[in-house]
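Please find my notes on this structure below, as numbered points.

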Amino acid sequence: MLADTLLSGGLEQLSIVARKGALVPLKTKDEVRAALETFEAYILEVPARWAGAVKDAIHAAIPNLKTADFQHLRRVVQFKYLPVHLQKKYRPPHPSRPRGDNVYQESEDAPAEEDDTARYFLISPVSAIAHRVLIDVLLRNSPFGAAPKPPIVLTISVPALAPCSAEQAAQWTLDYWPISYKNTNPFGPHPNLVARNALEIAPNAGSWLALAEEVGRQLYDLNFGEHVGCVIVDKSRGSHEIIAVAGDCRWRSPCAHSFPRDGTGNVMAHSVQRAIAMVAKKRLRAAGRDSEAASPSDIFCENPMTDLERHFYLQENLSTTGYLCVDMDMYVTHEPCVMCSMAILHSRFRRCVFGRRMPLTGGLTADTALQAKREQTIDGSGLGHGIFWRPTELNWKFLAWEWMDEDSTTMTTTISDTRQV
Amino acid sequence: MNAEEKVYHERFMREAISMAELALRTDETPVGCVFVKDGEIIGRGMNATNKTLNGTRHAEFIAIAQILEEHPVTILNETDLYVTVEPCVMCASMLRQYGIKGVYFGCWNERFGGTGGVLNCHSDTSVDKPYPVHGGIFREEAIMLLRKFYVQENDKAPEPKQKKTRELKTEILPMDIHAPKPS
């Protein structure tokens with residue numbers, strides 16, 4: 001309710017202007033790996049009617065061939081489905097008899113796509129059998145044994161892992177070899193799921209990031225912390241409920257000792273940590289438990305520091321049955337550090353959006369910085385952790401996006417690249 | 001590690017285990033730790049995720065908050081951590097950002113360990129100074145505490161059918177080592 005009021009004028013009252021831009025889904029660690037990794041494989045032109053026999057001969061020669069490892073690569077394909085660079089090598093298709101090495105030459109002759117009696121067979125990874133042994137196997141089996149010259153086995157690069165989307169499968173088919181796409185993403189969230197969620201949060205994401213920026217600025221102006229902030233939103237019941245708003249408090253001195261500016265400050269008072277702690281205190285309050293008794297230390301800087309933080313902290317907008325930050329979304333001005341990325345995961349968030357990449361310290365991204373493509377200066381290529389989606393290793397996963405401003409000049413970071421957010 | 005060093009480190013790991021035992025008695029995941037500077041314990045902590053309803057309140061966070069109430073943050077540069085379970089990714093990164101001197105732990109955490117279990121936050125690329133880690137001190141005791149909690153948890157589990165079938169297994173580690181119970 002309150003969030004709706006904020007949307008219809010409140011943000012302007014705080015002189016908060018929503019950022020204009022778009023959500024770009026983060027690539028998972030496995031997706032990055034899948035997009036880069038290739039292996040060498042043998043391919044062979046065979047007459048269509050012999051394709052089965054050749055396949056049997058290969059499987060007899062390599063009894064432990066793990067075809068499951070390259071199920072995403074079509075095994076036997078027609079000429080017309082080959083990528084153009086391979087069509088050139090095999091033009092014209094030579095289906096009636098095995099091709100000797102005298103005909104292995106690139107040709108600009110007219111294509112013969114209508115001739116459908118040649119097949120192109122992906123034999124195996126190069127690592128599975130030596131080239132010389134493979135040629136021997138083929139020579140011992142018809143039709144190659146009767147041919148005047150040994151068969152030509154080409155070696156090509158192919159993607160090592162299954163594609164993550166139909167688009168990627170189509171691109172790989174053009175670049176490498178015909179790919180089979182099973183409408184799944186084995187290495188990350190399904191593209192449809194990501195798109196549906198992005199559509200749901202896109203209309204307000206720029207506002208929440210601007211609010212995060214504002215609370216960060218307020219605490220920065222108080223000399224409490226870096227210009228970093230975050231907003232926790234619960235959209236699971238349709239309306240937008242802003243559960244917590246918190247800035248950074250790493251330079252604040254809650255006790256006798258100050259935190260020297262040449263150090264890293266009070267790490268546990270990063271804005272993400274503070275916001276998560278505020279959610280927990282609101283839960284304790286909703287459960288009728290004494291939140292002060294449960295968290296005796298002011299070092300955590302769990303209590304609101306400004307009117308803006310206090311305003312949302314005092315809202316009774318948490319359901320009493322909830323657990324941690326399940327169903328909640330996290331909006332942060334900058335890519336969270338490894339500690340905060342894992343805190344978001346521990347807290348079971350549903351989605352996370354950050355406003356700027358931190359290539360030297362960020363824990364969420366798995367690939368090299370997108371900013372590099374926009375010719376911006378960056379000092380690092382990212383740590384590659386991709387903490388948001390590593391389901392075989394970590395016990396929770398969430399969807400994550402980075403924000404790209406329409407005007408890329410506003411993407412310049414407000415804090416040093418070496419800062420942990 | 002020579003015999004003399006072993007005695008030294010085991011003394012503090014014993015203290016960390018007693019913190020974990022205290023956690024077990026108070027219905028928290030049995031992970032305990034002590035921070036040691038020049039042979040003296042300057043802070044103690046145990047998991048407090050259930051009491052605080054905050055999934056980030058691990059033993060290391062609790063102990064460091066206590067230390068920073070009394071000492072300047074730079075004391076951590078001369079302080080070692082003894083913790084019964086390998087620090088998680090979050091704590092491992094936090095310890096590096098604070099500039100911890102070194103970390104000694106009991107059992108590895110294959111589900112979200114940050115110093116070898118899953119990531120290597122103590123030694124991989126970072127803007128912060130790396131720190132040495134040494135795992136396996138009283139490993140069996142640390143695991144046994146977690147198993148006791150796992151069984152105790154099951155006594156309170158909502159499905160009575162399941163709890164009867166669960167017993168003190170010897171080869172299975174609980175998955176959510178630090179996570180608070182669903183309320």
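1. A search of the whole structure gives 5 cavities of 30 Å³ or more. On a 1 Å grid over the protein atoms alone, a cavity is a set of points where a 1.4 Å probe fits but cannot get out; points are joined across faces, edges and corners, and a volume is the space filled by probe spheres set on them. The model is a predicted one: local features need pLDDT of at least 70 and side-chain atom pairs pLDDT 80 or more, while totals for chains, interfaces and linings use all residues. Residues are numbered from 1 along each chain, chains are lettered from A in the order in which they are written, and side-chain values use heavy atoms, without hydrogens and water.

2. The largest cavity has a volume of about 110 Å³. Its lining (residues with an atom within 4 Å of a point) has 15 residues, and those closest to the centre are A:V338, A:Q420, B:S93, B:T125 and B:S126. Helix 4 of chain B (residues 89-98) supplies the largest share of this lining, 3 residues; helices are DSSP runs of H or I, at least four residues, numbered from the N terminus.

3. How large is the area buried between chain B and chain A? About 3600 Å², with 63% from carbon and sulfur atoms; buried area is the accessible area (1.4 Å probe) that two parts lose on being put together, summed over both. In chain B, the residues that lose the most area to chain A are B:L53, B:Q97 and B:R111, together 17% of what that side buries.

4. The contact (heavy atoms within 4.5 Å) takes 48 residues from chain A and 44 residues from chain B. Between the two chains the count is 1 salt bridge, a side-chain nitrogen of Lys or Arg within 4 Å of a carboxyl oxygen of Asp or Glu. A:E302 forms a salt bridge with B:R57, and the closest N and O atoms are 2.9 Å apart.

5. A:R419 touches A:E226, A:R250, A:W251, A:R261, A:G263, A:T264, A:M358 and A:T361, leaving aside residues up to four places away in sequence.

Definitions and conventions
1 Å grid on protein atoms, 1.4 Å probe; cavity = no way out; pocket = protein on both sides within 12 Å on 5 of 7 lines; lining within 4 Å. Helix = DSSP H or I, 4+ residues; strand = E, 2+ residues; numbered from the N terminus.
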